[in-house]
Amino acid sequence: MKHDEELIALAGTYSAHNYHPLPVVVAHAEGAWMTDVDGRRYLDMLAGYSALNFGHRNPRLIEAAKRQLDRVTLTSRAFHSDKFGVFCRRLAELCGMDMVLPMNTGAEAVETAIKTARKWGYEVKGVPDGRAKIVVATENFHGRTTTIVSFSTDPESKHHFGPYTPGFVVLPYGDTDTLRNVVEGDPDIVAVLLEPIQGEAGVLVPPPGHLAEVRRVCTERNVLFIADEIQSGLGRTGRTFACEHEGVVPDMYVLGKALGGGVLPVSAVVASREILGVFKPGEHGSTFGGNPLACAVGLEVLAMLRSGEIQQRSAELGAHLHAELGALVGGPVTAVRGRGLWAGVDIAPAHGTGREVSQALMDHGVLVKDTHGSTIRIAPPLVISREDLDWGLDRLRAVLGSG
């Protein structure tokens, strides 16, 4: 048995089967490239679902982590650390907000946003206790905790994990009229929680003007607009935040993935002082949330974002990516969606399922991942070179028989 087969078999025996990974075993990675245990190189066109926006082992981020490893890694929030306040200030400044509540994983940040919105609804808006509702969208993906899967419309994420948490109203994604009518007609609604672009659903972009109308309705009805920018934020779409494409500023950003630079999990909720000020000591927390190592890496991520270079790179290479993918529509591809260096590509049935195309691309040295049966997601690190991006697109054309 080959070494990679042994390791795959080991994982299959001793780990729960909650993922269906491609049969590749990565041993080393740098920039936009990964190398398996047998020395074969692959172009990473998924970037850890946007967690690796700055590439694998980005030198600036690795150096920041190394410096902090020699000092202090964890204090818990029982004490202050010299990195915590600075990180919170700089993240708040990047978002144009007042306060930050750091956590670890994206799901923790979404849970924090839900708790914040409910508490704000009771203590600031004046909704009767126990009646707060949050509007969410079909095909959403905000994480996999019990509360979050309670408002999922994906049967695989939800089946046999009940009883489910109440307090959510699920509406069609991008249906502006329905959302407006529901929010205007129910005084118990405290928040609208949306992904500005839905990643897991196949990189779905809402209709033009939808986010702006959500913002208007939320402002008018004293409802919080919560933008889950865990995948779409921090440069992925060619802007710092996907909401910027419609000139929209939400009441609350939910961030994660790229905030940790692909080094460790870092997430956060960012909002105004009025909103996050509802928390008092002891009401919410996390042992590792805002730890010094996370803050050190996060600070370097924020420094890289402040220049705007990574966003501009994503916008320029993203325009090229979408032009090249768009040329395949009508042949092996039925549709392409997305913004910046992020695309959902629907494969024509004659050319195979999304899984089959992903496996064929793996055999050609390119790593992507499928979703919803017929769709592959393309989201390379934002530091990818134009030459490497074109090389990956050439492999896609070869697999689809169009190049």
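1. Helix 5 (106-125), helix 7 (155-158) and strand 14 (369-371) each contribute at least two residues to the lining of the largest pocket. Strand 14 gives the largest share, three residues. (Helices are DSSP runs of H or I with at least four residues, strands are runs of E with at least two, and both are numbered from the N terminus.)

2. Keep in mind that this is a predicted model, where local features need pLDDT of at least 70, side-chain atom pairs count only at pLDDT 80 or more, and totals for chains, interfaces and linings use all residues. Residues are numbered from 1 along each chain as its sequence is written, and side-chain values use heavy atoms, leaving out hydrogens and water.

3. To find the largest pocket, look for Tyr19, Tyr49, Phe141, Arg144 and Glu200, which lie nearest its centre among 44 lining residues. (A pocket is an open set of 1 Å grid points where a 1.4 Å probe fits, with protein on both sides within 12 Å along at least five of seven lines; lining residues have an atom within 4 Å of a point.) The volume of the largest pocket is about 1,400 Å³.

4. What is the make-up of the lining of the largest pocket? There are 14 nonpolar, 18 polar and 12 charged residues.

5. The second largest pocket, about 730 Å³ in volume, has 28 lining residues, with His20, Pro21, Leu22, Val24 and Lys369 nearest its centre. Its lining divides into 18 nonpolar, seven polar and three charged residues.

6. Helix 1 and helix 2 (47-50) each supply at least two residues of the lining of the second largest pocket. Helix 1 gives the most, four residues.

Technical notes:
Grid points are joined across faces, edges and corners, and a volume is the space filled by probe spheres set on the points. Ala, Val, Leu, Ile, Met, Phe, Trp, Tyr, Cys and Pro count as nonpolar, Asp, Glu, Lys and Arg as charged, and the others, Gly among them, as polar.
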